[in-house]
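Subject: Structure handover

Hello,

Here is the structure I promised to pass on. Please open it first, then read my notes below.

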Amino acid sequence: MSINCEILDLRAFQAVVELESFHRAADALHISQPALTRRIQKLEQAIGAPLLERTTRHVAPTAMGQEVMPLVRRMLEEFDGSLFAMKDGAQRRGLITMACVPTAAFYFLPTVIRTFSQQYPHIRLRIRDLTANEGLQAVARGEVEFGINLMGNSDPELSFEPLIDDPFVLAMRKDHPLAAFETIEWNQLAAYPLVVVDRSSGNRTLLDSALAKHNLKLSWFYEVTHLNTSLGLVEAGLGISVLPRLATPQDDHPFLVTRPIVDPVVSRTIGIVQRRSSVLSPAAEKFVEMLLKTWKNP
């Protein structure tokens, strides 16, 4: 199968899914319905599974089709972007699609994006701010070129390049009794209502595992889903919270303060995740190089 045929097969699948009709998709692509059907069949044979469920009134992607669709969209966008760049050779164009845990997106990306956009003003960036688990899945499925994520994944198909260590700290109001200490020990937390994120969070999993090695366990009073919610409860004076340093206010906050937690110090490592079998696009490769140059631990 040639490259052109493969691209046309992908366009056929995308059109049927988005228009929910073989008839409308064939009209949009200016081909006959039998030709459209053959293209879908070729793609299904290449993948080895049905991609569409068709009834007399409706057509919808199968479970495999739903899984493949984000990758198809990204491949077509990158292909179209490459063609556009070739037609406009004076401009360096492209599209970078990445996944990033939200705290890292806020902390890492603005500085690098500002510099990158100055050098490559015509390269667009799509940033999917996802949880650690969702971000790893997006990288593994090829929905994004790379991710900025937490270290700790054991998937042999993924590689991890460390960027920075981010220690967990205690966040509290400035008028809280523990704010008088320069450092905090874990056993000091037991006397106060503790806000934690739930077990769906990669941060919670990492923290629980690290503390268990020292026979320590957090006794929480409030459990939330998002780090921002825990900060809101802390600011309201309802409790204290153990958070990654990057998730806490970086500038002087009118109400909140943080302190290092020791014995043990627990950190998460944030880095760049890629599929071992994939090759970054030239634009993504330049962005990753800039990211490493800017943030990699000395």
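N215 is exposed, with a relative accessible area of 74%. Exposed means over 50% relative accessible area, buried means under 20%, and partly exposed lies in between (1.4 Å probe, protein chains only). N215 sits in the loop between α8 and β9 (222–224). Helices (H or I, at least four residues) and strands (E, at least two) are DSSP runs, numbered from the N terminus. From N215 to K286 there are 71 residues in sequence and 44 Å in space, C-alpha to C-alpha.

Some background before the rest. The model is predicted, so local features need pLDDT of at least 70, side-chain atom pairs count only at pLDDT 80 or more, and totals for chains, interfaces and linings use all residues. Residues are numbered from 1 along each chain as its sequence is written, and side-chain values use heavy atoms, with hydrogens and water left out.

Now the domains. The protein chain splits into domain 1 (7–68), domain 2 (84–163 + 270–296) and domain 3 (164–268). These bounds come from an automatic or database domain assignment. Between the C-alpha centres of domain 1 and domain 3 the distance is 50 Å.

Next, the charged pairs. Side chains of opposite charge can pair when their charged atoms come close. How many salt bridges does the structure hold? There are eleven. A salt bridge here is a side-chain nitrogen of Lys or Arg within 4 Å of a carboxyl oxygen of Asp or Glu.

Three of them are worth a look:

- R204 and D208 meet in a salt bridge, at 2.9 Å from N to O. Both lie in helix α8 (residues 202–212), four residues apart, which means about one helical turn separates them. R204 is buried, at 5% relative accessible area. The pair also belongs to a network of salt bridges that links R199, R204, D208 and E223.
- E143 pairs with R141 in a salt bridge, and their closest N and O atoms are 2.5 Å apart. E143 is buried, at 7% relative accessibility. R141 is partly exposed, at 33%.
- R173 forms a salt bridge with D175, where the closest N and O atoms are 3.3 Å apart. R173 is partly exposed, with a relative accessible area of 25%. D175 is exposed, at 59%.

To start, find helix α8 with R204 and D208. Then follow the chain to N215, in the loop between α8 and β9.

Best wishes
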